[in-house]
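Colleague: I have a model open and would like to go through it with you. Can we start with the helices?

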Amino acid sequence: MNNKSETVEKSLHISQDVIAQIIVNCVNEADGIYSVAPVMKTPRQIWLKQENFGNIRIGLVDDVISVTIGIILENGSNAVSVSEAIQEKVKSSIQNMLGLTVAKVNINVCGIHISEDKV
């Protein structure tokens, strides 16, 4: 008999766009949020027709991720409670969907949206 040992190396690469889309979905589901703070598209994004997810920065080292999200609150929202809700939702979603460990989720409040009908 021939004892042949076959080893298969497996790897999984997750695009940062996938992580960003998960984060955007979590932010949009939160109460008291208007949106993720916008940022201008880079020339590369314009040229390659890539989507711009807004003010989201993702750091990934091995299987540990850190996220910084810029948000715009609705007028009258409690920034602390909204931020805590987003942090918890983003952390649990990324860990459940992708199996990555989330070290930290930083929230930057970049603005407050005041609807025109309230002015």
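Predicted model: local features only at pLDDT ≥ 70, side-chain atom pairs only at ≥ 80, totals over all residues.

Colleague: Which residues of α1 are buried?

Modeller: Ile19, Ala20, Ile22, Ile23, Val24, Cys26 and Val27. What covers them includes β1, β2, β3 and α3.

Colleague: Take Ile23. What is Ile23 in contact with, leaving aside neighbours within four places in sequence?

Modeller: Ile56, Ile58, Val67, Ile69, Val90 and Ile94.

Colleague: And the largest nonpolar core, how many residues has it, and which have the most contacts inside it?

Modeller: The largest nonpolar core has 26 residues, and Ile23, Ile69, Ile86 and Ile94 are those with the most contacts inside it. Two or more residues each come from α1 (16-29), β1 (33-36), β2 (56-61), β3 (64-74), α3 (79-98) and β4 (101-113).

Colleague: Which element gives the most to this core?

Modeller: α1 does, with seven residues. As a general point, nonpolar side chains in soluble globular proteins tend to be buried together.

Colleague: Now the other helix. How many residues has α3, and what is its reach?

Modeller: α3 has 20 residues, and from its first C-alpha to its last it reaches 28 Å, close to the 28 Å expected at 1.5 Å a residue.

Colleague: Which residues of α3 are buried?

Modeller: Val82, Ser83, Ile86, Val90, Ser93 and Ile94. Viewed down the axis of α3, these buried residues fall within an arc of 105°, so they line one face of the helix.

Colleague: What do the buried residues of α3 pack against?

Modeller: They pack against α1, β1, β3 and β4. On the other side of α3, Val80, Glu88 and Asn96 are exposed.

Colleague: What happens at the ends of α3?

Modeller: Asn78 caps the N-terminal end of α3, with a side-chain oxygen 3.0 Å from the backbone nitrogen of Val80. After α3 comes Gly99, whose phi is positive, near 75°.

Colleague: Where is the backbone oxygen that lies 2.7 Å from a polar atom of the Ser83 side chain?

Modeller: That backbone oxygen belongs to Ala79. Leaving aside neighbours within four places in sequence, Ser83 is in contact with Ile71, Ile107 and Val109.

Colleague: Ser35 next. Is Ser35 buried or exposed?

Modeller: Buried, because its relative accessibility is 19%. Ser35 is in strand β1, and residues up to four places away in sequence aside, Ser35 touches Val27, Ile71 and Ile72.

Colleague: And Lys104, where is that?

Modeller: Lys104 is in strand β4. At 48% relative accessibility, Lys104 counts as partly exposed.

Colleague: What does Lys104 touch, not counting residues up to four places away in sequence?

Modeller: Ile65, Ser66 and Val67. Lys104 and Val90 are 14 residues apart in sequence, with their C-alpha atoms 9.9 Å apart in space.

Colleague: Change of topic: the loops. Where is Gly54?

Modeller: Gly54 is in the loop between α2 (43-47) and β2. Gly54 counts as buried, at 15% relative accessibility.

Colleague: What does Gly54 touch, not counting residues up to four places away in sequence?

Modeller: Val36, Ala37, Pro38 and Val39. Gly54 and Pro38 are 16 residues apart in sequence, and C-alpha to C-alpha they are 4.4 Å apart in space.

Colleague: Last one. Where in the chain is confidence lowest, and where is it highest?

Modeller: Confidence is lowest in α2, at a mean of 75, and highest in α3, at 94. The chain averages a pLDDT of 86, and 91% of the residues score at least 70.

Methods:
Residues numbered from 1 in each chain as written. Heavy atoms only, no water. Core = buried A, V, L, I, M, F, W, Y, C linked by side-chain atoms within 4.5 Å. Buried < 20%, exposed > 50% of the residue type's maximum accessible area, 1.4 Å probe, protein only. Helix = DSSP H or I, 4+ residues; strand = E, 2+ residues; numbered from the N terminus. Contact = heavy atoms within 4.5 Å. Expected span 1.5 Å × (residues − 1). Arc of directions from axis to C-beta. Polar contact = N/O pair within 3.5 Å; in protein donor to acceptor, adjacent residues only side chain to side chain. pLDDT = per-residue confidence, 0-100.
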